[in-house]
Amino acid sequence: MNLTLYVWRQQSSELQGRMEKYYAQGISPDMSFLEMLDMVNEDLIKNNAEPIAFDHDCREGICGTCSQVINGVPHGPEERTTVCQLHMRHFHDGDTVYIEPWRAKAFPVIKDLIVDRSALDSIIQAGGFISVHTGGVSDANSFLIPRSDAETAMDAAECIGCGACIAACPNGSAMLFTAAKVTHLAMLPQGRPEAKRRVCMMTEEMLTKGFGNCTNHYECQAACPKGIKVSFIAKLNREFIKAAQLIKEE
Amino acid sequence: MILDGKCPSGPLAEKWDRQRQDLKLVNPANKRKFKIIVVGTGLAGASAAASLGELGYMVEAFCYQDSPRRGHSIAAQGGINAAKNYPNDGDSIFRLFYDTIKGGDFRSREANVYRLATLSNNIIDQAVAQGVPFARDYAGYLENRSFGGAQVSRTFFARGQTGQQLLLGAYSALSRQIGAGTVQIHPRTEMLDLVVVDGAARGIIVRDLVTGKIFSSAADAVCLCTGGYANVFYLSTNAMGSNVTAAYRAYKKGAFFANPCYTQIHPTCIPVSGEHQSKLTLMSESLRNDGRVWVPAQKGDKRPPHDIPENERDYFLERKYPSFGNLAPRDIASRSAKEVCDEGRGVGPGSRGVYLDFADSIQRLGQNAIQQRYGNLFEMYEKITAENAYEQPMRIYPAPHYTMGGLWVDYNLESTVSGLFVLGEANFSDHGANRLGASALMQGLADGYFIIPATISDYLARREPGKVTADHPAFKDSIAEIEKMTNKFLSINGKKSVTEFHHELGRIMWDNVGMSRSQDGLGTALQKIPALRAEFWENVRVTGTGKTLNQELEKAGRVADFLEFGELMAHDALHRNESCGGHFREEYQTPDGEALRDDERFNYVAAWEFTGSDNKPEMHKEPLTFENVELSVRSYK
Ligand SMILES: Cc1cc2nc3c(=O)[nH]c(=O)nc-3n(C[C@H](O)[C@H](O)[C@H](O)COP(=O)(O)OP(=O)(O)OC[C@H]3O[C@@H](n4cnc5c(N)ncnc54)[C@H](O)[C@@H]3O)c2cc1C
Ligand code: FES
């Protein structure tokens, strides 16, 4: 099949970008979306033009590197699917496809479709961990964790840190991302001792990095390739209120 | 030269403890004066950087992805082994040790493997303490499953995302150190050279992948944790950016490369769908617990699977290996699949595939049970192939997956360049000629959390901190060389893209240095690779400049190294006139087609020394001695 693409091209963060038109021809339905772009890029190289820069690595939906807004939707039209796992059989001959980078204040564009997501790492560095030293820990079975708690922790821990939730949110909020980490650790007994500190530090970092507030649009959940639920945001809010209250009392 | 692995003496079970007693310690007040570079933040690198930072060293960590959370360890699905014996089914440290040695076809060091089995238990404790959400039973205890044909249940798992969860655990420990300021992190930065001064590793040269700036970092020791080289085959289950560059450039600076021909071809991957294919996706091996592998008995039978009656199907693994059946080890299952396809009995596009059929299990256990066990894998399979594996058999085919070879290291993980330590998949240790399932995660974390913190202190304690700085001429020379190479790539302006060269190399490697190898095929590879490399340096086209983010330039450097490294693999495969584990030489097989080892002549590690890009490398041997296990012929019949 043949497609018309409009792709965001931007040389660097300082320079202005614009949409450019390309043709993708002879596309097989078995190709992944990124393989379709590979093909367009090989053509550009043949014509001595610079290929479209885009982030990707594992190409199996787990590393969270790929990040494109396709026809206005982060990761494109298929539910619970990263761009790298999106296949061309979901498109039709003659379609026009718009491809843009994640857009959010906290994610400046580096080049073309590549943005800087280091603000997400900063949130984790602020408190998204359990402060345990290597060695000197007790036997793994000395904590008993009810299966349902372990399952909820795992549901939250599945977040791949791609940032689609932020790209989808009209406020550019990182609430779903932060909530997933807070919930994962708060569900486990090992994570409880630092729960207060963690939620305060992470929330504060989120705000200083330029992420917006949550006003309950739930676009994040719709865009999440791993199906992370907004109910975790409620959990984050509960943890935050509890922490703020306790800190006040102390 | 005869290499010495420097394994401590004494009874097997006491070696590591004895070694730890003998290793020198760095005075706590001095630790912050020592700087350590860690390249790579997969399981090995993240766990090493976090643990070294905690100890108080000054650590600088590098990775090519935009975040340390994305190393390819993240893609591991199945699980991680440990000898906890929680299910009380007869497991022990010795049994895990023995299975790993045997699985590796008796081509690894006893002392290393025993240490690995011992540390496996500490890893699980550490991961749980960090909050890794392993699967639990209804009473809240950790759950285990049997994996990769093991006869005990010793595999810990977090759904189908064990690697992701372990990496996020290590990444969180690393993040804590970054926040505390003991580790400085450089994402989107690629190591392009190792700097060696007076025989010792003193730093690295890197390229900032965003600005294009080439700069250096000096340190008292360097740890390479840069993963495996399966992308030499172009198509593999590795990430697109996985490369041999860091290891290969260290090899060029004097680190020996051990057993490069030991590569693992995983039997259960989704087959290639066409020329456009950019990578291959693994379907977890656990599927073989409930799926039956078959092809049509008749050559060229094009009927859809459900039209082929039972008596016209060949369940070839069950037929050839009645006791292990569909659970035969990876190397054996892969080769058998290739054989039936070579006979013209393969299925699917291009006839390079075999069926993995769940119909019997679905009938026996119900679709629900299968869905519960493998739902996410069936979903992934459907996303990629648009086929519903509940209704028709999956199609699978072997794909390059893991590389047992790597930079040679001694028991302390130190390479032949002093002060250069190598961890995780990037080193050659522990897995011999074939790795068992769920043991790579274990090795990467044992190296990073527990071994390197102990052994690197011994190296540093004998040295003065900060003796060489980045002002040393060796750094300037190396930067100049890398800049020259960059300019060369950009100025060739030929007719073929980097990817075209990579693809061609991959075909040569897969056809001749892949699942089975012969003297003729290897000879062909040794002719074709240098010719392709010569063409690359005259006819490659790398667009853009070196002054910005330039993904073509990144690829060019990696492919240039693969084009040399492929030849090294072929040399190693050609010299090893035996079949063992993942290395199968057609000339050396038993009458019924099984690998024929030659312990008299090849019971050693082959460590290759660089002698120039167009010269044959020189081989050195590390003899392997077995004091605690008897060398036997692996039999899975
Ligand atoms: C699909 C798949 C499934 C697997 N499943 C399992 C399993 O179930 N159980 C199991 O035990 N094992 C499994 N394995 C194997 C296991 O995952 C790997 O062997 C292991 O995770 C490797 O870890 P590592 O830290 O050595 O390297 P990696 O995780 O590959 O990390 C390499 C790091 O090095 C960095 N790097 C590389 N080159 C450079 C450079 N030149 N400059 C700077 N940085 C660089 C990268 O950025 C990255 O951070 C699987 C492997 C694959 C591919
Ligand atoms: S490239 Fe890894 S998730 Fe898409």
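Which residue is the bridge partner of Phe257(B) in E20(B)? Trp608(B) is.

## Basis of the model

This is a predicted model, in which local features need pLDDT of at least 70, side-chain atom pairs count only at pLDDT 80 or more, and totals for chains, interfaces and linings use all residues. Residues are numbered from 1 along each chain as its sequence is written, chains are lettered from A and ligands numbered from 1 in the order in which they are written, and side-chain values use heavy atoms, with hydrogens and water left out.

## Strand E20 of chain B

E20(B) covers residues 604-609. Strands (E, at least two residues) and helices (H or I, at least four) are DSSP runs, numbered from the N terminus. Two strands pair if DSSP finds at least two bridges between them. Strand E10 (residues 257-258) of chain B is joined to E20(B) by two bridges, and the two run antiparallel. Strand E21 (residues 618-623) of chain B is also antiparallel to E20(B), with six bridges. There, Tyr604(B) stands opposite Pro623(B).

Five of the six residues of E20(B) are buried, so the strand is largely enclosed by the rest of the structure. Buried means under 20% relative accessible area, exposed over 50%, and partly exposed in between (1.4 Å probe, protein chains only).

## Nonpolar cores

A nonpolar core is a set of buried Ala, Val, Leu, Ile, Met, Phe, Trp, Tyr and Cys residues joined through side-chain atoms within 4.5 Å. The largest has 191 residues. Phe211(A), Ile80(B), Phe134(B) and Leu420(B) have the most contacts inside it. Helix H12 (residues 440-461) of chain B gives the most to this core: twelve residues. A second, separate core has 33 residues, among them Ile265(B) and Phe316(B).

Contact means heavy atoms within 4.5 Å. Neighbours within four places in sequence aside, Phe134(B) touches residues including Ala150(A), Ile80(B), Phe156(B) and Leu166(B).

## Gly566 of chain B

Gly566(B) lies in helix H16 (residues 551-575) of chain B. Its relative accessible area is 0%, so Gly566(B) is buried. Leaving out neighbours within four places in sequence, its contacts are Val232(B), Met509(B) and Ile529(B). Phe233(B) is 333 residues away in sequence, yet 8.7 Å away in space, C-alpha to C-alpha.

## Helix H1 of chain A

H1(A) spans residues 33-46. Its 14 residues reach 20 Å from first C-alpha to last, close to the 20 Å expected at 1.5 Å a residue. That expected span is 1.5 Å times one less than the number of residues. H1(A) is mostly covered, with ten of its 14 residues buried. Among them are Phe33(A), Glu35(A), Asn41(A) and Ile45(A). Asn48(A) follows the helix and has a positive phi, near 60°.
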